[in-house]
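Here is a friendly walk through the nonpolar cores and salt bridges of one protein. Have a look at the sequence and structure first.

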Amino acid sequence: MTTVRRAVLTLPAAPLGPDNPLPALRAPAGPGAHAVDARTLAELPRDMARGIGRAPLRSLLPAPVRDGYGRARTPAGLDTIVIENARLRVTVLPGLGGRIHSLHHKPTGRELLYRNPVFQPAAFALNGAWFSGGVEWNIGATGHTTLSCSPLHAATVRAPDGGPMLRLWEWERLRDLPFQVDLWLPEESDFLYVGVRIRNPHEHPAPVYWWSNIAVPEDRRILAPADAAWHHGYERGLRRVPVPVTEDGTDRTYPLNSTHAADWFYDLPEEQRRWIAALDADGTGLVQTSTDPLRGRKLFVWGTGRGGRRWQEWLTEPGTPGYAEIQAGLARTQLEHLELAGGEEFSWLEAYGPLAVDPAAALGDDWPSARADVERSLAGALPRADVDTAYTAWRESAADAEPDEVLAAGSGWGALEVLRGGHTLPGTPFPEATLGPEQHPWRELLRTGVLPPPAKGAGPGAPLVSGPWRDMLETAPADPSTEYHLGIAQWHAGDRAQAVRSWERGLKEATVRWPLLYCLAVADREDGHPERAAERFAEAFADHGGGGTHQAAGTPTGDSVVTADADADAVTTSRTTPVTTSLTTSAALGREALLALLAAGLSGRARDLWDRLPEHDRRSGAFRLIEARLLLAEGRSDAARAVFDEGFEVADLREGAEILGELWARLTDEPLPDAYEFRMRPS
């Protein structure tokens, strides 16, 4: 029989730490890793160009930036939910985006995924914290979801065959849409079924993005039913290339044949069955297939260059085998978004399981024969008609079924939106009981028309930015806190001039000025006034005055947790300890102010502010990098070089970031040390 049970997985884990307390007013940071230049855009098929240009993010609002994590790992217990039948054991992390951590095939003893042996957040999600490995569910906008390291609601539900099914659901805040992911194992099945639904409960259309991201060992051949792919590298290009052998004579279906990080979006024919497989030298491995709406398939490779290898080390432990990603999405490429009409939904079914083929055929040079052999084996293991039938049964009998036993709780934002909009969402309840402290001021605004000010000494609270909340803020009694939140909502809507006016009005009456000063500083920087921005950032830092430490949420010191290893039935006991982090409001403001002062050429002011930072902030990797930049601005190249020689790590270094290499090149002609090599494109 299939079972669904709770367990705890112990891994060396870095703490997530607190969210950044500053509102995420800017679009996702980075050098355009997921962008396409205007010239390329003009040469693409019209529908693809339209999808790429649909509803780009103006900011990350209302999601917070998650950059409070570090790189010191200690054993910690991660809550898991295990789905198991006689053939497969699936380990899910409900507190970390619902990620599938492990897909273990019991008859062969094989792990079908790349399973990260550590939990190490890094700055790859749209809003920061992300980790590698397993299968993740990406919804929202181009990139890794803002829910990568967030809890989802989880409960058991009756599967179409009457057995237990795990439902994960949440309210995705970038696009203001609820979604669900249902996972079940039919009895004696070698395949995990995953039913996904995204609903638009609003009257207006919404942009939609979805990619299921599957990590697999990189010593595989990746096969998909296509003769061409859209290649996207970190040079902002997008071009159609042949598969498997590109113009330079290299077979790109082997991840280790690529030097640099790149995406390969396979161009599947319209009538073609959707699938992608990762097979080892014996012809065995993982296959993923789906119903037709999940159109896209992709291979991402890190490459064998120094930058790609360094990133692989950064995300796990040195000496750990590398991985590649195979993915499946709603559009042809990850750069596109689809439009979902008001009151409508997207839904589909995915299946994940083992595949064994003739290695001579699947790994041979005859690409049509290789594809055909995989397709025959897949048809024998899981016929296309069976997937379509399973989807129909799920959609008609199980997708709307109400949860039985609640296993984990997500955020209270969905409950707040249901309360405001009166939405009816069968199968995915968002009860008022899940409302928490972050939602309480907004519930009061909804109930009374007045937004309560924050408690004395507290920060300004989490923002909300959608049209209905903005309308309520505009009619609420004006005070500094309301003007602050109104300005954020106006900024998100693109009315930046009105946002500045709201913040300026609030500043006149504010006793706690730093939140409004910070917002005005961002506006100055975006409007091309770097010196005024720098002054306001510095003033915000001074107004807040000082730093400290925060204790990350977690198990109290000395508490025991029962743990079950994902690959065994053995149960052990471990102890966890809380971890402190130096990411405070003062540190966040100090970092912004220093960077702004340096950008404005005000190195003297930057030095004065640096000297006021707490010592523990100055010792962190992010501030050591700033110190090197400050020393260089002061003309002290030898001292800046000494910072590099002493060694530092910037825990929240962004994907594609090249600042370390650029700064090093200003200091010396020597090769960039491996420890600082994170460049993901050709020099």
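A residue counts as buried under 20% relative accessible area, as exposed over 50%, and as partly exposed in between. Please keep in mind that this is a predicted model.

Arg 447 is exposed, at 62% relative accessibility.

Elsewhere, shared partners link Arg 5, Glu 84, Arg 89 and Lys 106 into one salt-bridge network.

## Bridges across the sequence

The structure holds 53 salt bridges. One of them pairs Arg 6 with Glu 405, the closest N and O atoms being 3.8 Å apart. Arg 6 belongs to strand S1 (residues 3-13) and Glu 405 to the loop between helix H6 (384-397) and strand S25 (406-408), so this pair ties together parts 399 residues apart in sequence.

Asp 400 forms a salt bridge with Arg 197, with 2.8 Å between the closest N and O atoms. Asp 400 is partly exposed at 36% relative accessible area, whereas Arg 197 is buried at 1%.

## Nonpolar cores

Which residues touch the most other members of the largest nonpolar core? Among its 83 residues, they are Trp 137, Leu 183, Ile 198, Trp 210 and Tyr 266. A second, separate core has 63 residues, including Leu 25 and Leu 516.

Conventions. Residues are numbered from 1 along each chain as its sequence is written. This is a predicted model: local features need pLDDT of at least 70, side-chain atom pairs count only at pLDDT 80 or more; totals for chains, interfaces and linings use all residues. Side-chain values use heavy atoms; hydrogens and water are left out. A nonpolar core is a set of buried Ala, Val, Leu, Ile, Met, Phe, Trp, Tyr and Cys residues joined through side-chain atoms within 4.5 Å. Buried means under 20% relative accessible area, exposed over 50%, partly exposed in between (1.4 Å probe, protein chains only). A salt bridge is a side-chain nitrogen of Lys or Arg within 4 Å of a carboxyl oxygen of Asp or Glu. Helices (H or I, at least four residues) and strands (E, at least two) are DSSP runs, numbered from the N terminus.
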